[in-house]
Amino acid sequence: MSTDSDLVLSVVVTIASDTIHKPSVDHLRPCLEALMRQDNPPVMEVIVPHQPDFPAIEPLKAEFPTVRFLEISDLKRYTGRPGSREHHNELRARGVAAAQGKIIALTEDHATADPAWCASIVEAHHQKFAAVGGAIENAGSSLLSWAVYFREFGQYQNPVRENELFGPSDVNASYKQSGLASIRDVWYKTFEERTVNWALRASGRRAIFSPRMIVYQKRQNLHLGSAMRERWIWGRSYGIWRHLTGFTRFRWLIISPILPFVLVLRATAITLLVKRRNVGIFLKALPLFILISLAWCGGEMSAYLIGSRIDRK
């Protein structure tokens, strides 16, 4: 029997599919199934932090007896209603704090891990890097799923290179526990990927990417209306996270109307010039991409207009 000192890898799965839908295990089950089917896995644990009274969680505990389901009863930012996502970072922080592995990997319930994911994480961490991010590929078939994928994760599609300019996504990221412990004050209340990645860099630690460390996004029950509402919420959350004040916030409010054009141009450049993959499906999904980008920018603009007060609803 393994002990905590034997644990090489802790995988923290954040339930993020409840942004606009009622909480369910529709995404979580295939996510956990993929983690249970890993090839040559290290000694590892899987942790699922969740809010109280999460529907259908008890049957899932019986189905996956080796998974640690952590009920977090004192969430500060959980309203109990769809339409918010700030509690995701709070749940992630609790999961990371509970992890005992020498390496801590992060993913979300709408992602399924490649069979070699866990082994690839451990291999990558043989190098002296504080963080290793991986590729995020799309496993959905509809044009809408592709549009959402390109909006959220287009820059993370393979090929990802070791020295990418952006930081790892919390849908596919891994950290040495020692590195996270050194910046604990940054994440112990709410684990936000950009803040954590910046803090590691500021402390002199490096993050790299491994193209062999792959997860697949597979969204279920996706419709245009719900996808646009979800993008609005995520755009609002991003605007709040930036903590802009005074003239800087006013300046971003003024330039917000041009943000959809920036998002479209950036995604087009990444797909056509940098990645050079999935070009045909990107062009087919472009009208839907533009619509959901407008929704994102509307949410971001609302954050600049109203400020952090909208986060208290």
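# Exercises on a predicted model

The structure holds 13 salt bridges, a salt bridge being a side-chain nitrogen of Lys or Arg within 4 Å of a carboxyl oxygen of Asp or Glu. This is a predicted model, in which local features need pLDDT of at least 70 and side-chain atom pairs count only at pLDDT 80 or more, while totals for chains, interfaces and linings use all residues. Residues are numbered from 1 along each chain as its sequence is written, and side-chain values use heavy atoms, with hydrogens and water left out.

## Exercise 1

Task: Find which residue forms a salt bridge with E152, and state where the two residues lie.

Solution. 
1. The partner of E152 is R231, and the closest N and O atoms are 2.5 Å apart.
2. R231 is in helix α9 and E152 in helix α5, 79 residues apart. Helices (H or I, at least four residues) and strands (E, at least two) are DSSP runs, numbered from the N terminus.
3. Both R231 and E152 are buried. Buried means under 20% relative accessible area, exposed over 50%, and partly exposed in between (1.4 Å probe, protein chains only).
4. R231 also forms a salt bridge with E230, with the closest N and O atoms 3.0 Å apart.
5. A network of salt bridges links E152, R219, E230 and R231.

## Exercise 2

Task: Explain why the salt bridge of K275 and E164 ties together parts that are apart in sequence.

Solution. 
1. The closest N and O atoms of K275 and E164 are 3.8 Å apart.
2. K275 lies in helix α11, whereas E164 lies in the loop between α5 and β7 (173-176), so the parts tied together are 111 residues apart in sequence.
3. Both K275 and E164 are buried.

## Exercise 3

Task: Decide whether α5 is largely enclosed or open, and list what covers its buried residues.

Solution. 
1. Of the 11 residues of α5, 10 are buried, so the helix is largely enclosed by the rest of the structure.
2. Among the buried residues are W146, Y149, F150 and F153.
3. The cover includes β6 (131-138), β8 (207-217), α9 (224-241), α11 (259-275) and α12.

## Exercise 4

Task: Name the residues that touch the most other members of the largest nonpolar core, and list the contacts of V11.

Solution. 
1. A nonpolar core is a set of buried Ala, Val, Leu, Ile, Met, Phe, Trp, Tyr and Cys residues joined through side-chain atoms within 4.5 Å.
2. The largest core has 54 residues, and V11, V13, L28, L32, L35 and W117 touch the most other members.
3. Helix α5 (residues 143-153) gives the largest share of this core, 7 residues.
4. Leaving aside neighbours within four places in sequence, V11 is in contact (heavy atoms within 4.5 Å) with L35, M44, E45, V46, I47, A105, T107, W117 and C118.

## Exercise 5

Solution. 
1. C31 is buried, with a relative accessible area of 2%, and C118 is buried at 0% relative accessibility.

## Exercise 6

Task: State how many residues of helix α3 (residues 86-98) are buried.

Solution. 
1. In α3, 11 of the 13 residues are buried, and the helix is mostly covered.
2. The buried residues include E86, H87, L91 and V96.
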